[in-house]
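Biologist: Walk me through this one, please. I'll ask as we go.

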Amino acid sequence: MGKVVGFEMNSQEPEKASKFYAEVFGWKVHEPSWDYWPVTTDENTESNHLQGGISKGPHDYPHGTRV
């Protein structure tokens, strides 16, 4: 069976979304670059834990998660 190896979420307010997910799941959200907030789900970067990011899309951009 396949394994999810990464994700991207989009939000109209990525700063708020970053804070929410960091508080709820303990994710480490890194400084943004070009309206993209990289996310580390585990401090051990050598592990096989899920990595991803939160981005800001246009106002009419569909909300959701890409895996």
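Modeller: Let's begin with D35. At 44% relative accessibility, D35 counts as partly exposed. Buried means under 20% relative accessible area, exposed means over 50%, and partly exposed is in between (1.4 Å probe, protein chains only).

Biologist: What should I know about the model and its numbering?

Modeller: This is a predicted model, where local features need pLDDT of at least 70, side-chain atom pairs count only at pLDDT 80 or more, and totals for chains, interfaces and linings use all residues. Residues are numbered from 1 along each chain as its sequence is written, and side-chain values use heavy atoms, with hydrogens and water left out.

Biologist: Back to D35. Where does it lie?

Modeller: D35 is in the loop between β2 and β3. Strands are DSSP runs (E, at least two residues), helices are too (H or I, at least four), and both are numbered from the N terminus. D35 also has a positive phi of about 60 degrees, although it is not a glycine.

Biologist: Why point that out?

Modeller: Most residues other than glycine have a negative phi. W34 also goes against that, with a positive phi of about 55 degrees. W34 sits in the loop between β2 and β3. At 85% relative accessibility, W34 counts as exposed.

Biologist: OK, zoom out. How many helices and strands does the protein chain have?

Modeller: One helix and five strands. From the N terminus on, the order is β-α-β-β-β-β.

Biologist: And what percentage of the residues counts as buried?

Modeller: Of the 67 residues in the protein chain, 25% count as buried. Take contacts (heavy atoms within 4.5 Å). Among those between residues at least 6 apart in sequence, 52% join residues at least 24 apart.

Biologist: Now the helix. How many residues does α1 have?

Modeller: Helix α1 covers residues 14–25, so to speak its 12 residues. From first C-alpha to last, α1 reaches 16 Å, close to the 16 Å expected at 1.5 Å a residue. The expected span is 1.5 Å times one less than the number of residues.

Biologist: Which residues of α1 are buried?

Modeller: P14, A17 and S18. Seen down the axis of α1, these buried residues fall within an arc of 100 degrees, so they line one face of the helix. The arc is that of the directions from the helix axis to the C-beta atoms.

Biologist: Which residues make up the largest nonpolar core?

Modeller: There are seven: F7, M9, A17, W27, W37, V39 and I54. Strands β1 (6–11) and β3 (36–40) each supply at least two residues of this core. A nonpolar core is a set of buried Ala, Val, Leu, Ile, Met, Phe, Trp, Tyr and Cys residues joined through side-chain atoms within 4.5 Å.

Biologist: Pick F7. What is F7 in contact with?

Modeller: Leave aside neighbours within four places in sequence. Then the contacts of F7 include W27, V39, L50, G53 and V67.

Biologist: So where is G53 found?

Modeller: G53 is in strand β4. At 0% relative accessibility, G53 counts as buried. Not counting residues up to four places away in sequence, G53 touches F7, E8, M9, Y36, W37, P38 and V39.

Biologist: And S55, where is that?

Modeller: S55 is in strand β4. At 12% relative accessibility, S55 counts as buried. Beyond four places in sequence, its contacts include M9, S11, P14 and D35.

Biologist: Tell me about S11, then.

Modeller: S11 lies in strand β1. S11 is buried, with a relative accessible area of 16%. Its side chain reaches the backbone nitrogen of E13 at 3.0 Å.

Biologist: Last one. Where is H59 found?

Modeller: H59 is in the loop between β4 and β5. At 72% relative accessibility, H59 counts as exposed. H59 and Q12 are 47 residues apart in sequence, and 6.7 Å apart in space, C-alpha to C-alpha.

Technical notes:
A polar contact is a pair of N or O atoms within 3.5 Å; within protein, one must be able to donate a hydrogen and the other to accept it, and residues adjacent in sequence count only if both atoms are side-chain atoms.
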